[in-house]
Amino acid sequence: MTSAALVLRLLVERGETLAVAESLTGGLVAAELTSVPGASRAFRGSVTAYATPLKSEVLGVEAELLETRGAVDAEVARQMATGVRRALGADWGAATTGVAGPDTQDGHPVGTVFVAVCGPSDAGKVTALRLNGGRADIRKESVRSVLELLSGELGGYAGAQDTEHNGGN
């Protein structure tokens with residue numbers, strides 16, 4: 001069973017829903033979820049806030065936080081997850097933000113990624129990743145990591161770790 005299928009199965013079993021906020025993954029998390037038949041039973045939708053101002057304007061990330069730390073930040077990821085959950089009326093929110101390359105961003109090297117989830121209690125969990133590989137590898141690994149973090153929070157297998165990962169593995 002894929003991570004997306006597991007997440008959706010766990011959500012359906014719990015009678016809960018999910019919304020996703022994506023930056024560097026550009027809609028890949030939503031695509032992975034919607035590739036699973038029956039995803040609409042738990043997946044509400046997504047916001048691809050690729051431009052930094054949208055993180056504040058649409059998802060409610062504090063503008064001052066974005067100005068002082070930039071978009072590649074653990075707290076930004078947490079606020080994105082919280083914001084999309086509220087904006088789309090879901091029980092759970094998940095978010096990705098980071099640097100897929102080819103250039104650094106806000107002083108962060110390529111492969112710096114933060115994935116976050118926020119549940120019904122508004123408690124959030126963020127995982128910092130340092131991913132290797134090319135742009136496609138980093139984006140693919142970011143999708144896998146956020147789905148595994150969410151799976152772990154829902155009671156499934158939690159495979160996302162605060163360690164260096166090889167993108168695409």
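Helices (H or I, at least four residues) and strands (E, at least two) are DSSP runs, numbered from the N terminus. The model is predicted, so local features need pLDDT of at least 70 and side-chain atom pairs pLDDT 80 or more, while totals for chains, interfaces and linings use all residues. Residues are numbered from 1 along each chain as its sequence is written, and side-chain values use heavy atoms, without hydrogens and water.

**View A. Helix 1 packs on helix 6.** Here, helix 1 (residues 3-14) and helix 6 (residues 135-154) have axes 9 Å apart at an angle of about 30°. The pair is therefore roughly parallel (angles under 35 degrees count as such).

**View B. Leu-147 sits in the largest nonpolar core.** Such a core is a set of buried Ala, Val, Leu, Ile, Met, Phe, Trp, Tyr and Cys residues joined through side-chain atoms within 4.5 Å; buried means under 20% relative accessible area, exposed over 50%, partly exposed in between (1.4 Å probe, protein chains only). Of its 32 residues, Val-7, Leu-18, Leu-33 and Leu-147 touch the most other members. Another core, of 21 residues, lies apart from it and includes Leu-59 and Ala-90.

View C. A cis peptide bond, with omega about 15°, joins Gly-101 and Pro-102. Asp-106 has a positive phi, near 50°, and is partly exposed, at 44% relative accessible area.

**View D. Asp-122 lies in the loop between strand 4 and strand 5.** Although Asp-122 is not a glycine, its phi is positive, about 75°. Asp-122 is partly exposed, with a relative accessible area of 29%.

Methods
Axes fitted to C-alpha atoms, helices over the stretch in contact; angles between N-to-C directions. Parallel < 35°, antiparallel > 145°, perpendicular 65-115°, else oblique.
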